[in-house]
Amino acid sequence: MIKLPENVQRAIDAYKEEEKKSSERARDVQQRNTVVAEELAKAQAELDAATDRAIDSPTEANIKKETEARRKVAELTLQANGADHRSQRAFAYGQGKLNELGRQAIALAHDEAVRYYNENYDAKLKEIEDAKAAYLKALVGFRQFRNEAAAIYYNTVRETNPSLTDRLSAPHFAEPAITHRNGDKQVYGINEQEVDLAFRNGIIRKWSVRSGLETE
């Protein structure tokens, strides 16, 4: 896997750090919401009980307790509303920061990707050019090698007595499979399918190369 440019990696790290902070903020807000909701439910139960007592026995003390319970419910209701609002704001605030940091990182990565590609494009094409030239030169070299082998025999025939060749068969040289498969492999030639697999999919199949050089 490619090592990302330092500035891109820093931008990604900043995004992930904010993502972590945003998650922590949301968790803290949710925990506070839970506490307030529990306190409000408890206060509401106390208010209901105080109201019932004030109905059964509308003394000054019972009415005062009801009023205090009602005030507590009102205060906690306000806190609960505030907690809900904070939850919404925490999400919007965190998401806004994340979106901005994400846009910055992606824009930076875009520019770095184009720069990296343009800077290395010619060199990578030259690798292909050199490899193609080396392959074709190797084929020329094999032809020359085969001709040299044949020359050992035919030069000797010419230098001695050609009429004797009717009693001896000419040497047979194995023909490498350059344009077709030999069994289940084709390691000496290359066809359009192999080029497409390598170029489009990054795949070198086992039938295209000797064992250990394939990518899948």
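The model is predicted: local features need pLDDT of at least 70, side-chain atom pairs count only at pLDDT 80 or more, and totals for chains, interfaces and linings use all residues. Residues are numbered from 1 along each chain as its sequence is written, and side-chain values use heavy atoms, with hydrogens and water left out.

The overall architecture comes first. The chain contains 3 helices and 0 strands, where helices (H or I, at least four residues) and strands (E, at least two) are DSSP runs numbered from the N terminus. Read from the N terminus on, the order of elements is α-α-α. The radius of gyration of the chain is 42 Å, well over the 17 Å that the globule rule gives for 216 residues, so the chain is more spread out than a compact globule. Here the radius is taken over C-alpha atoms, and the globule rule is 2.2 Å times the number of residues to the power 0.38. Along the principal axes, the C-alpha atoms fill a box of roughly 145 × 35 × 20 Å.

Of the 216 residues in the chain, 18% are buried; buried means under 20% relative accessible area, exposed means over 50%, and partly exposed lies in between (1.4 Å probe, protein chains only).

Side chains of opposite charge can pair when their charged atoms come close. A salt bridge is counted where a side-chain nitrogen of Lys or Arg lies within 4 Å of a carboxyl oxygen of Asp or Glu, and the count comes to 12 salt bridges. One of these joins Glu 6 to Arg 10, with the closest N and O atoms 3.9 Å apart. Both residues belong to helix α1 (residues 6–56) and stand 4 residues apart, about one turn of the helix. Glu 6 is exposed at 60% relative accessible area, and Arg 10 is likewise exposed at 53%.

Another salt bridge joins the side chains of Glu 18 and Arg 25, at 2.6 Å from N to O. Glu 18 is buried, with a relative accessible area of 5%, whereas Arg 25 is partly exposed at 24%. Glu 18, Arg 25 and Lys 97 are linked in a network of salt bridges.

A further salt bridge is formed by Glu 175 and Arg 146, whose closest N and O atoms are 2.9 Å apart. Glu 175 lies in the loop between α2 and α3 (192–201) and Arg 146 in helix α2, so the pair ties together parts that are 29 residues apart in sequence. Glu 175 is exposed, with 59% relative accessibility, while Arg 146 is partly exposed at 27%.

Aromatic rings form the next group. Rings of Phe, Tyr and Trp (its six-membered ring) pair if their centres lie within 6.5 Å; planes under 30 degrees apart count as stacked, over 60 as edge-to-face and the rest as tilted. The structure holds 3 aromatic pairs. Among them, Tyr 117 and Tyr 121 form a tilted pair, 5.4 Å centre to centre with 45° between the planes. Both tyrosines lie in helix α2 (residues 60–159), 4 residues apart, about one turn of the helix. Tyr 117 is exposed at 52% relative accessible area, and Tyr 121 is partly exposed at 37%. The rings of Tyr 153 and Tyr 154 have centres 4.9 Å apart and planes at 80°, so this pair is edge-to-face. Tyr 154 is partly exposed, with a relative accessible area of 39%.

Finally, the surface includes a nonpolar patch formed by Met 1, Ile 2, Leu 4 and Tyr 116, with about 520 Å² of accessible area together. Patches are made of residues with over 30% relative accessible area and no salt bridge; like charges are joined within 9 Å, and nonpolar side chains (Val, Leu, Ile, Met, Phe, Trp, Tyr) within 5 Å.

Definitions and conventions: Accessible areas come from the Shrake-Rupley method with a 1.4 Å probe; for residues, only the protein chains shown count as cover.
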